[in-house]
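Work through the exercises below with the sequence and the 3D view side by side, and try each task before reading its solution.

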Amino acid sequence: MSVGKKAELLAPAGNKEKFYTALRFGADAVYLAGKDFGLRAYSDNFTNDEIACCVDYAHKLGKKVYVTVNIYAKNADMKKLPDYISRLADAGADAVLVSDPGVFAVTRKTALGMPVHISTQANTTNGDAVAFWAGLGASRVVLARELNIAEIKEICDRFGGKPEIETFVHGAMCISMSGRCLLSDYFTGRGGNRGECVQACRWEYEINEVGKKGGGLTVAEDARGTYFLNSKDMNLLARINKVIEAGVDSLKIEGRMKSPFYVASVVNAYRRAVDSYYAAPDGWAVSSLLENELRLTSHRQYTTGFYFGDYDRQRYETSKPEQTGVFAASVIESGGGYVLAEQRNRFKKGDRLQVLSPTDDFLKEFVVEEMFDENGSAVDDAKIVQQKLRIKCPYKLEKYDILRK
């Protein structure tokens, strides 16, 4: 089987640590937000100067940075928008993601040369809508999550990369059409379409039968109940070949609010899976080791969403995330038989730690025999959050590699 241009692997960056982690583990591009106009208001996000620094760093690696400007804007927002777009253009951002037609128009008027990507929030579900945005000058369209693989392939075949087509392949899904939810705003006054979603769909609910006394009726499948407004997390790792073969230009991972451990684990798994597919596409199958990587980091129950017709995404037992791995420490540097690492979760002398790295040290293990604090005092129990520790390690690791239990 011959394959065309290699699909881009696009990763989330909710802060600087996640930005560097995503690039370290093999993302071709990252998407992030400034302090305004993005749909993750409670992520750390980036100042204008930080965006400029990130763009410069990514470009030196031959990688790209896309900035989300995808809120549904109000009049007050539009007054501040031209200056912000100008700053992004000056910083050299590779594209902005928008969903609001007014934001699109202002962006094109303010910085005509800046590529504009249409966010999934725009609910693009057909080829004519893609053509509409392309006719206005959009260089990429992020399709709605509600399409199946045949519909996606039909769109990709029609446009052949002009505009490019991007789809989500991993991460949290929304019960509402491409994220256009009103629950958060209705219950808390925090607008989900303005970056302030409290994930009200994750709460447990009751329904009331009209005229019946005795309070609410819990909607339940078993003793634990079911979260009927909730959605499982998307996971297409085992079928990423089908998405690539459909002609998708960019494979997008959700998760700007997730941890660096999540970013490292997920990007690492998809990077290795995508590369292995392109190296030998005939008869490709994902390895069980990579599938296990996605169980180690925090996630809800997995589904393939709308892609393949197995619509099991709402059969949900709990909104509590699952996770089988523990993020023990983040590597800062190594040398002399030791690594300097920042503690993230408790571990002790005698514990066996495993390496998460994009290098050949991936999955190697060692037992913690010695570790010292910054004053050189021996430490037997690493229980202080973010304490810097020098740990005896047989491998030469690099910054943003991860030690896990």
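The exercises that follow treat a nonpolar core, a helix and a sheet.

The model is predicted, so local features need pLDDT of at least 70 and side-chain atom pairs count only at pLDDT 80 or more, while totals for chains, interfaces and linings use all residues. Residues are numbered from 1 along each chain as its sequence is written, and side-chain values use heavy atoms, with hydrogens and water left out.

**Exercise 1.** Find the residues with the most contacts inside the largest nonpolar core.

Solution. A nonpolar core is a set of buried Ala, Val, Leu, Ile, Met, Phe, Trp, Tyr and Cys residues joined through side-chain atoms within 4.5 Å, where buried means under 20% relative accessible area (1.4 Å probe, protein chains only). The largest one has 91 residues, and F19, V69, L88, L251 and Y270 have the most contacts inside it. Helix α9 (residues 260-279) supplies the largest share of this core, twelve residues.

**Exercise 2.** Determine which residues of helix α4 are buried, and what covers them.

Solution. In α4 (residues 101-110), a DSSP run of H or I with at least four residues, the buried residues are V103, F104, V106 and T107. Their cover, judged by contact (heavy atoms within 4.5 Å), includes α3 (75-91) and α5 (127-136).

Note on methods:
Buried means under 20% relative accessible area, exposed over 50%, partly exposed in between (1.4 Å probe, protein chains only). Helices (H or I, at least four residues) and strands (E, at least two) are DSSP runs, numbered from the N terminus.
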